[in-house]
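Welcome! Let us take a short walk through this structure, one region at a time.

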Amino acid sequence: MDKYAVFGNPICQSKSPIIHQSFAAQFGDSISYQAILADKDDFAQAAARFFLDPQARGCNVTLPFKQQAAAWVDKLSPEAELAGAVNTIKREVDGSFSGYNTDGIGLVNDLLARDIQLSAKRILLLGAGGAARGVIHPLLGQQPAIITIANRSKEKAKTLCQLASANNLSACGLAELEQSQRFDIIINSTSASLDNQLPAIADQLIAGAEVIYDMVYGKEDTIFMRHAEALDVPVVLDGLGMLVGQAAQSYKIWRAKQPELFTVLAQLRKQL
Ligand code: NDP
């Protein structure tokens with residue numbers, strides 16, 4: 001039986017085992033998928049132990065190991081390289097290990113599956129942390145009109161903009177956004193919602209958007225989602241679909257099959 005796992009610390013909260021077993025059921029695949037708690041500074045040994053088993057085909061990696069995983073693999077996808085972080089590892093037929101970052105493709109696929117096109121759209125990406133780094137390339141790949149990265153610490157946004165380097169990409173501090181600017185899609189990649197805080201941007205920016213996406217998810221709508229709903233934004237989404245989407249991309253990398261997202265998403269939503 002092909003074996004997979006997710007490494008993290010903590011790991012008990014991980015939805016990955018449920019998601020991947022649901023994908024496997026879609027195809028009648030029989031797989032094993034374990035959640036493995038690794039010591040905080042011991043990812044390399046934990047991964048090496050797991051891959052000693054010849055049936056181990058790949059793994060996911062979550063906090064705090066995404067950077068350690070990027071250093072551990074033999075080669076990186078362009079998204080993983082820009083992010084400096086790996087959430088998916090595949091053992092190749094030659095025995096080498098490839099590292100991917102599927103967060104951005106997960107986000108894009110979630111939006112596209114909801115018929116939200118990104119091409120020619122004006123996108124505002126709030127935040128410049130690890131999640132923002134992971135999504136820039138896949139977002140650019142959809143050929144939006146512009147992407148503006150706005151972060152509380154302006155320098156971090158500028159650095160990400162320089163690293164990703166594209167003509168339609170710019171960066172600024174949150175405080176420099178002007179209320180007269182217009183964005184079609186606003187993606188909140190900050191962790192502010194976890195602290196029940198709103199990124200400090202003008203309401204007019206939010207009210208003018210067609211779609212608001214908060215990468216954070218939970219049982220209840222986040223504060224950012226509630227704020228956007230109060231401002232009558234037509235489409236307000238949380239990041240649960242991105243979570244399922246990134247897992248689907250991992251499954252595709254490992255098993256060359258594209259899982260359907262919505263059944264698993266509905267199942268997961270009930271369990272939040
Ligand atoms: P990081 O710690 O790397 O970055 C945090 C970012 O949030 C920084 O840009 C930081 O700004 C900003 N920030 C934090 N608090 C505030 C605030 N009060 N106001 C404005 N900006 C704020 O985290 P990640 O990028 O790894 O993750 C961000 C979020 O994305 C997390 O909440 C995570 O749960 C979610 N996520 C969801 C995924 C999904 O599948 N749905 C996948 C990956 C992440 P500054 O630089 O100024 O400190």
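A residue counts as buried when its relative accessible area is under 20%. Keep in mind that this is a predicted model. With that cut-off, helix H9 (residues 223–230) has Ile223, Phe224, Met225 and Ala228 among its buried residues. The cover over the buried residues of H9 includes strands E7 (122–126), E10 (185–188), E11 (211–214) and E12 (235–237), together with helix H8 (203–207). Just past the end of H9 comes Asp232, with a positive phi of about 65 degrees.

Now to a sheet. It is open, has 6 strands in the order E2-E1-E3-E5-E6-E4, and its pairing is mixed. For E4, pairing with strand E6 (residues 97–100) is parallel, over 2 bridges. Leu76 has Gly99 in E6 as its bridge partner.

| Helix | Lies across | Angle |
|---|---|---|
| H1 (residues 16–27) | E1 (2–8), E2, E3 (56–61) | about 170 degrees to E2 |
| H10 | E1, E2, E3, E5 (88–91), E6 | about 10 degrees to E5 |

Finally, a closer look at one residue of H10. Gln246 lies in this helix, which spans residues 240–255. Is Gln246 buried or exposed? Gln246 is buried, because its relative accessible area is 9%. Setting aside neighbours within four places in sequence, Gln246 is in contact with Asn87, Thr102, Asp103 and Gly106.

Notes
Residues are numbered from 1 along each chain as its sequence is written. This is a predicted model: local features need pLDDT of at least 70, side-chain atom pairs count only at pLDDT 80 or more; totals for chains, interfaces and linings use all residues. Side-chain values use heavy atoms; hydrogens and water are left out. Helices (H or I, at least four residues) and strands (E, at least two) are DSSP runs, numbered from the N terminus. Buried means under 20% relative accessible area, exposed over 50%, partly exposed in between (1.4 Å probe, protein chains only). Contact means heavy atoms within 4.5 Å. Two strands pair if DSSP finds at least two bridges between them. Axes are lines fitted to C-alpha atoms, for helices over the stretch in contact, and angles run from 0 to 180 degrees between N-to-C directions.
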